[in-house]
Amino acid sequence: MRITMIGAGYVGLVSGACFADFGHQVCCVDRDAEKLAMLKLGKIPIYEPGLDDLVTTNTAQGRLRFDDNLADAVSQSDVVFIAVGTPSRRGDGHADLSFVYDAAAEVGRALKGFTVVVTKSTVPVGTGDEVERIIREQNPTADFAVVSNPEFLREGSAIEDFKRPDRIIVGTDAERAKAVMGEIYRPLSLNVAPIFYTSRRTAELTKYAGNAFLAMKITFINEIADLCERLGADVQDVARGIGMDNRIGAKFLHAGPGYGGSCFPKDTLALVKTAQDAASPVRLIETTVSINDQRKRAMARKVVEACGGSVRGKTIGILGLTFKPNTDDMRDAPSLAIIQALQDAGASIKAYDPVGMEQARKMIEGIEFGESAYAVADGAHAIVIVTEWNAFRSLDLKRLRVLMATPVMVDLRNVYRGEEVMKHGIAYSSVGRGDTRSMFDSAMLSSNRI
Ligand SMILES: NC(=O)c1ccc[n+]([C@@H]2O[C@H](COP(=O)([O-])OP(=O)(O)OC[C@H]3O[C@@H](n4cnc5c(N)ncnc54)[C@H](O)[C@@H]3O)[C@@H](O)[C@H]2O)c1
């Protein structure tokens with residue numbers, strides 16, 4: 001199959017490279033000239049484990065190429081994927097579909113022969129109808145079908161997720177399009193993943209419903225974590241205890257600083273807006289969004305509390321800036337809101353992230369970046385683990401204790417056990433573990449350094 005992938009971002013580049021690896025001929029098109037120039041030189045503009053090898057191999061074998069000429073690529077393709085961004089629209093929280101519609105218009109003008117146009121971007125219900133209308137308007141005689149094929153990969157494990165998905169959702173009623181999609185995904189559907197065919201609107205909504213459910217699950221365990229702190233229970237054991245129930249499942253039950261990233265925040269909000277417009281509000285998700293927004297500042301208050309009630313004039317070391325490990329993606333990362341709240345409270349911030357600092361520098365002002373966890377701890381009045389990178393899982397606690405101005409660790413990812421940190425004379429606070437909280441209090445009492 002000849003494929004055009006419009007948008008060479010986190011989804012488009014991974015999907016394009018994986019389709020090429022399946023044996024298809026793929027052309028990735030992007031309007032970002034800088035990104036395209038890097039890709040043509042064999043450089044990968046994002047951090048995603050394994051992606052450089054996959055791109056290099058498939059480019060070398062002639063199955064994957066990069067171009068800015070959308071019309072040329074589309075006119076030669078059997079299938080065109082639209083994988084452009086759908087960020088929150090400024091002001092009202094609806095999905096901004098301008099990139100999708102621009103791409104659709106360009107596709108419409110370039111189509112030749114029967115072509116399947118697939119929206120891989122996460123788009124609200126009805127977007128497929130509008131893409132179809134735009135293409136028809138541009139090219140009244142075009143022979144095409146518009147399909148919804150939402151993507152479920154996770155940054156950090158994107159290639160594995162793409163190649164071993166739980167399911168592939170294909171939304172279309174057109175038999176010709178089903179046959180083409182079946183052929184595209186044949187290497188997976190043979191023995192790995194079922195293809196689930198449904199209507200286009202249902203496919204569009206399935207993606208939002210999936211993300212909203214996961215966001216709700218995270219928010220649920222975060223509230224249970226707060227309750228655990230009040231009642232002296234341990235949220236990790238509660239999560240394990242309920243997660244062993246197959247009806248609930250163990251995933252997405254890690255208490256922490258609230259969900260972030262390029263998908264959950266914008267997609268939950270967009271679903272809320274769609275539902276309100278349809279006069280069928282999703283109040284559970286409205287509440288989820290509101291709890292999660294408040295949680296990030298609450299995490300900053302936790303840091304203030306750990307520092308004895310004030311961070312004014314103190315230096316706080318932040319470990320981890322990206323919204324999760326193994327990505328450089330800083331979009332809607334909890335670190336952004338936590339750092340802002342700590343700055344508002346008068347703290348100076350030093351931060352380190354293993355791969356996210358280049359992106360972070362573009363988004364965060366007025367902070368100092370360190371070259372390692374220890375550089376950040378040097379002279380700090382507290383260190384805060386915001387992202388659970390492996391590099392932070394076995395820190396030299398003895399060394400940290402010596403470097404810090406006051407030995408305080410706030411572990412927002414529950415990476416450590418309280419005892420092991422406290423043993424080194426470092427006051428410790430985590431999320432939803434009542435026992436470490438009381439140990440922390442006793443450490444505060446026995447330490448006159450705070
Ligand atoms: N990032 C994820 O983990 C993830 C997972 C599942 C679904 N999604 C969805 O996939 C979509 C893409 O997300 P992303 O993270 O890859 O975005 P991204 O911002 O990383 O990439 C989008 C790319 O599209 C390009 N682009 C925009 N308009 C274009 C046009 N008209 N022609 C050519 N190129 C154009 C941009 O330059 C950019 O490089 C979004 O709808 C997102 O919600 C993302």
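Which side chain meets that of Asp 329 in a salt bridge, and what is the N to O distance?

Modeller: It's Arg 331: its side chain and that of Asp 329 meet at 3.0 Å, N to O. Before going on, bear in mind that this is a predicted model, where local features need pLDDT of at least 70 and side-chain atom pairs count only at pLDDT 80 or more, while totals for chains, interfaces and linings use all residues. Residues are numbered from 1 along each chain as its sequence is written, and side-chain values use heavy atoms, with hydrogens and water left out.

A salt bridge here is a side-chain nitrogen of Lys or Arg within 4 Å of a carboxyl oxygen of Asp or Glu. For surroundings, buried is under 20% relative accessible area, exposed is over 50% and partly exposed is in between (1.4 Å probe, protein chains only). Asp 329 has 2% relative accessibility, so it counts as buried, whereas Arg 331, at 41%, is partly exposed.

That pair belongs to a count of 26 salt bridges. Take Lys 178 and Glu 175, whose closest N and O atoms are 3.3 Å apart. Both lie in helix α8, 3 residues or about one turn apart; helices (H or I, at least four residues) are DSSP runs, numbered from the N terminus. Lys 178 is partly exposed at 22%, and Glu 175 is exposed at 55%.

A charge sits over a ring if NZ of Lys or CZ of Arg is within 6 Å of the ring centre and within 35 degrees of the ring normal. The charged end of Arg 176 sits over Phe 114, 3.7 Å from the ring centre, and Arg 361 lies over the face of Phe 369 at 4.6 Å from the ring centre.

Key
Helices (H or I, at least four residues) and strands (E, at least two) are DSSP runs, numbered from the N terminus.
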